[in-house]
Amino acid sequence: MNEDDIYKKTIALAKESIHNNGGPFSAVIVKDGKIIGTGINQVTKNHDPTAHAEIMAIRNACQKLQSFELKGCTLYASSEPCPMCLSAIYWTRLDRVFFLNDIEEAKKAGFDDSFIYQEIARPHQDKHIPISQISSPIFIESAKQIFQLWQEKTDRIDY
(Lines give C-alpha, C1' and ligand atoms only; values in the text may rest on other atoms or scores of the structure.)
Protein backbone atom coordinates (compact mmCIF):
# COMPACT_ATOMS: atom_id res chain seq x y z
CA MET A 1 0.00 0.00 0.00
CA ASN A 2 1.49 3.36 -0.99
CA GLU A 3 1.17 6.63 0.91
CA ASP A 4 -1.46 8.04 -1.45
CA ASP A 5 -3.68 5.04 -0.67
CA ILE A 6 -3.12 5.57 3.04
CA TYR A 7 -4.04 9.27 2.80
CA LYS A 8 -7.17 8.37 0.81
CA LYS A 9 -8.11 5.80 3.48
CA THR A 10 -7.53 8.37 6.23
CA ILE A 11 -9.78 10.91 4.50
CA ALA A 12 -12.46 8.30 3.80
CA LEU A 13 -12.48 7.20 7.46
CA ALA A 14 -12.85 10.83 8.65
CA LYS A 15 -15.83 11.30 6.34
CA GLU A 16 -17.30 8.00 7.56
CA SER A 17 -16.91 9.21 11.13
CA ILE A 18 -18.90 12.35 10.36
CA HIS A 19 -21.68 10.31 8.71
CA ASN A 20 -21.80 8.04 11.80
CA ASN A 21 -22.23 10.98 14.19
CA GLY A 22 -18.58 11.06 15.23
CA GLY A 23 -16.08 13.88 15.02
CA PRO A 24 -14.25 14.69 11.76
CA PHE A 25 -11.12 12.76 12.68
CA SER A 26 -9.47 9.49 11.70
CA ALA A 27 -6.15 7.70 12.05
CA VAL A 28 -4.45 4.79 10.33
CA ILE A 29 -1.45 2.86 11.62
CA VAL A 30 0.82 1.12 9.14
CA LYS A 31 3.57 -1.45 9.64
CA ASP A 32 5.62 -2.90 6.80
CA GLY A 33 3.32 -1.29 4.23
CA LYS A 34 0.15 -2.83 5.71
CA ILE A 35 -2.62 -1.21 7.73
CA ILE A 36 -2.63 -2.78 11.18
CA GLY A 37 -4.99 -0.38 12.92
CA THR A 38 -7.59 2.26 12.19
CA GLY A 39 -9.59 4.60 14.33
CA ILE A 40 -12.28 7.19 14.01
CA ASN A 41 -13.36 9.76 16.54
CA GLN A 42 -15.95 8.25 18.89
CA VAL A 43 -16.02 10.84 21.66
CA THR A 44 -19.71 11.69 21.45
CA LYS A 45 -20.82 8.28 20.21
CA ASN A 46 -19.18 6.43 23.14
CA HIS A 47 -19.50 9.22 25.71
CA ASP A 48 -15.73 8.93 26.12
CA PRO A 49 -13.55 12.05 25.93
CA THR A 50 -10.49 9.84 25.32
CA ALA A 51 -11.97 8.14 22.24
CA HIS A 52 -10.03 10.27 19.75
CA ALA A 53 -9.22 8.69 16.41
CA GLU A 54 -5.52 8.31 17.20
CA ILE A 55 -6.24 6.64 20.54
CA MET A 56 -8.74 4.27 18.91
CA ALA A 57 -6.22 3.40 16.17
CA ILE A 58 -3.51 2.81 18.78
CA ARG A 59 -5.82 0.52 20.77
CA ASN A 60 -6.75 -1.34 17.59
CA ALA A 61 -3.14 -1.80 16.43
CA CYS A 62 -1.87 -2.82 19.86
CA GLN A 63 -4.57 -5.47 20.12
CA LYS A 64 -3.73 -6.77 16.67
CA LEU A 65 0.00 -6.95 17.49
CA GLN A 66 -0.64 -8.11 21.08
CA SER A 67 1.82 -5.46 22.26
CA PHE A 68 1.76 -2.15 24.09
CA GLU A 69 4.46 -0.81 21.79
CA LEU A 70 4.18 0.19 18.16
CA LYS A 71 7.85 0.36 17.22
CA GLY A 72 8.28 0.04 13.49
CA CYS A 73 4.87 1.63 12.85
CA THR A 74 3.74 4.93 11.35
CA LEU A 75 0.55 6.77 12.25
CA TYR A 76 -1.34 8.78 9.63
CA ALA A 77 -3.94 11.17 11.02
CA SER A 78 -6.54 13.37 9.41
CA SER A 79 -5.51 16.18 11.75
CA GLU A 80 -2.50 17.16 13.84
CA PRO A 81 -2.66 15.15 17.08
CA CYS A 82 -3.90 16.89 20.21
CA PRO A 83 -1.80 16.85 23.41
CA MET A 84 -3.48 13.68 24.72
CA CYS A 85 -2.96 11.81 21.45
CA LEU A 86 0.58 13.09 21.15
CA SER A 87 1.32 11.71 24.61
CA ALA A 88 -0.12 8.32 23.62
CA ILE A 89 2.00 8.39 20.46
CA TYR A 90 5.12 8.83 22.57
CA TRP A 91 4.06 6.11 25.03
CA THR A 92 3.60 3.61 22.19
CA ARG A 93 6.97 4.51 20.66
CA LEU A 94 5.61 4.93 17.16
CA ASP A 95 8.36 5.61 14.62
CA ARG A 96 6.69 8.46 12.80
CA VAL A 97 3.51 10.52 12.44
CA PHE A 98 2.05 12.20 9.37
CA PHE A 99 -1.02 14.44 9.55
CA LEU A 100 -3.22 16.18 7.00
CA ASN A 101 -4.98 19.18 8.64
CA ASP A 102 -2.82 21.26 10.97
CA ILE A 103 -3.76 22.88 14.29
CA GLU A 104 -4.90 26.09 12.59
CA GLU A 105 -7.35 24.25 10.32
CA ALA A 106 -8.70 22.33 13.32
CA LYS A 107 -9.12 25.61 15.19
CA LYS A 108 -11.13 27.08 12.28
CA ALA A 109 -13.42 24.04 12.48
CA GLY A 110 -14.01 24.59 16.21
CA PHE A 111 -11.35 22.28 17.66
CA ASP A 112 -8.93 24.54 19.53
CA ASP A 113 -6.36 22.76 21.71
CA SER A 114 -4.24 25.86 22.41
CA PHE A 115 -5.72 26.14 25.91
CA ILE A 116 -4.44 22.67 26.78
CA TYR A 117 -0.95 23.38 25.46
CA GLN A 118 -0.90 26.54 27.59
CA GLU A 119 -2.15 24.69 30.66
CA ILE A 120 0.51 21.99 30.38
CA ALA A 121 3.22 24.65 30.51
CA ARG A 122 1.83 26.35 33.63
CA PRO A 123 3.05 25.54 37.16
CA HIS A 124 0.50 23.45 39.09
CA GLN A 125 -0.56 26.36 41.27
CA ASP A 126 -1.47 28.43 38.19
CA LYS A 127 -3.57 25.82 36.36
CA HIS A 128 -7.32 26.32 35.89
CA ILE A 129 -8.00 22.92 37.45
CA PRO A 130 -6.23 22.79 40.81
CA ILE A 131 -3.47 20.15 40.88
CA SER A 132 -1.37 19.53 43.96
CA GLN A 133 0.38 16.79 45.85
CA ILE A 134 -1.31 15.82 49.10
CA SER A 135 0.38 17.01 52.28
CA SER A 136 0.10 13.88 54.41
CA PRO A 137 3.61 12.43 54.98
CA ILE A 138 2.07 9.08 55.96
CA PHE A 139 0.27 8.64 52.63
CA ILE A 140 3.19 10.02 50.62
CA GLU A 141 5.48 7.46 52.25
CA SER A 142 2.94 4.69 51.58
CA ALA A 143 2.74 5.76 47.96
CA LYS A 144 6.53 5.64 47.65
CA GLN A 145 6.36 2.01 48.79
CA ILE A 146 4.24 1.22 45.75
CA PHE A 147 7.15 2.16 43.48
CA GLN A 148 9.55 0.23 45.69
CA LEU A 149 7.36 -2.88 45.31
CA TRP A 150 7.36 -2.36 41.56
CA GLN A 151 11.14 -2.04 41.41
CA GLU A 152 11.57 -5.23 43.48
CA LYS A 153 9.19 -7.25 41.29
CA THR A 154 11.41 -9.65 39.35
CA ASP A 155 8.81 -10.63 36.74
CA ARG A 156 7.56 -7.13 35.94
CA ILE A 157 7.08 -6.03 32.36
CA ASP A 158 8.81 -2.69 31.91
CA TYR A 159 7.15 -0.14 29.66
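The lining of the largest pocket comprises 10 nonpolar, 5 polar and 5 charged residues. In this classification Ala, Val, Leu, Ile, Met, Phe, Trp, Tyr, Cys and Pro count as nonpolar, Asp, Glu, Lys and Arg as charged, and the others, Gly among them, as polar. The structure is a predicted model, in which local features need pLDDT of at least 70 and side-chain atom pairs count only at pLDDT 80 or more, while totals for chains, interfaces and linings use all residues. Residues are numbered from 1 along each chain as its sequence is written, and side-chain values use heavy atoms, with hydrogens and water left out.

**Pockets**

A pocket is an open set of points on a 1 Å grid over the protein atoms alone, where a 1.4 Å probe fits and protein lies on both sides within 12 Å along at least five of seven lines; lining residues have an atom within 4 Å of a point. A volume is the space filled by probe spheres set on the points, which are joined across faces, edges and corners.

The largest pocket holds about 390 Å³ of space. Of its 20 lining residues, F25, H52, C82, F111 and D113 lie nearest the centre. Helices α2 (43-46), α3 (53-65), α4 (83-92) and α5 (103-108) each contribute at least two residues to this lining. Helices (H or I, at least four residues) and strands (E, at least two) are DSSP runs, numbered from the N terminus.

The second largest pocket has a volume of about 180 Å³. Its lining consists of 13 residues, with A14, P24, S78, S79 and N101 nearest the centre. By class, these lining residues are 8 nonpolar, 3 polar and 2 charged. At least two residues each come from α1 (3-19), β3 (73-79), β4 (96-101) and α5, and the largest share, 3 residues, is supplied by α1.

**Salt bridges**

Side chains of opposite charge can pair when their charged atoms come close. A salt bridge is taken here as a side-chain nitrogen of Lys or Arg within 4 Å of a carboxyl oxygen of Asp or Glu, and the count by this rule is 6.

| Salt bridge | N to O distance |
|---|---|
| E105 and K108 | 3.1 Å |
| K153 and D155 | 2.8 Å |
| R156 and D158 | 2.6 Å |

E105 and K108 are about one helical turn apart, because they lie 3 residues from each other in helix α5. E105 is partly exposed at 38%, whereas K108 is exposed at 67%. R156 is partly exposed at 29%. Salt bridges that share partners also join E69, K71 and R93 into one network.

**Surface patch and backbone**

A nonpolar surface patch is formed by F68, W91, W150, I157 and Y159, which together have about 630 Å² of accessible area. Patch residues have over 30% relative accessible area and no salt bridge; like charges are joined within 9 Å, and nonpolar side chains (Val, Leu, Ile, Met, Phe, Trp, Tyr) within 5 Å. W91 belongs to helix α4 and is exposed at 57% relative accessible area.

D32 has a positive phi, near 55 degrees, although the residue is not glycine. D32 sits in the loop between β1 (26-31) and β2 (34-40) and is exposed at 67%. R93, also not a glycine, has a positive phi near 65 degrees. R93 lies in the loop between α4 and β4 and is partly exposed at 29%.

Conventions:
Accessible areas come from the Shrake-Rupley method with a 1.4 Å probe; for residues, only the protein chains shown count as cover. Buried means under 20% relative accessible area, exposed over 50%, partly exposed in between (1.4 Å probe, protein chains only).
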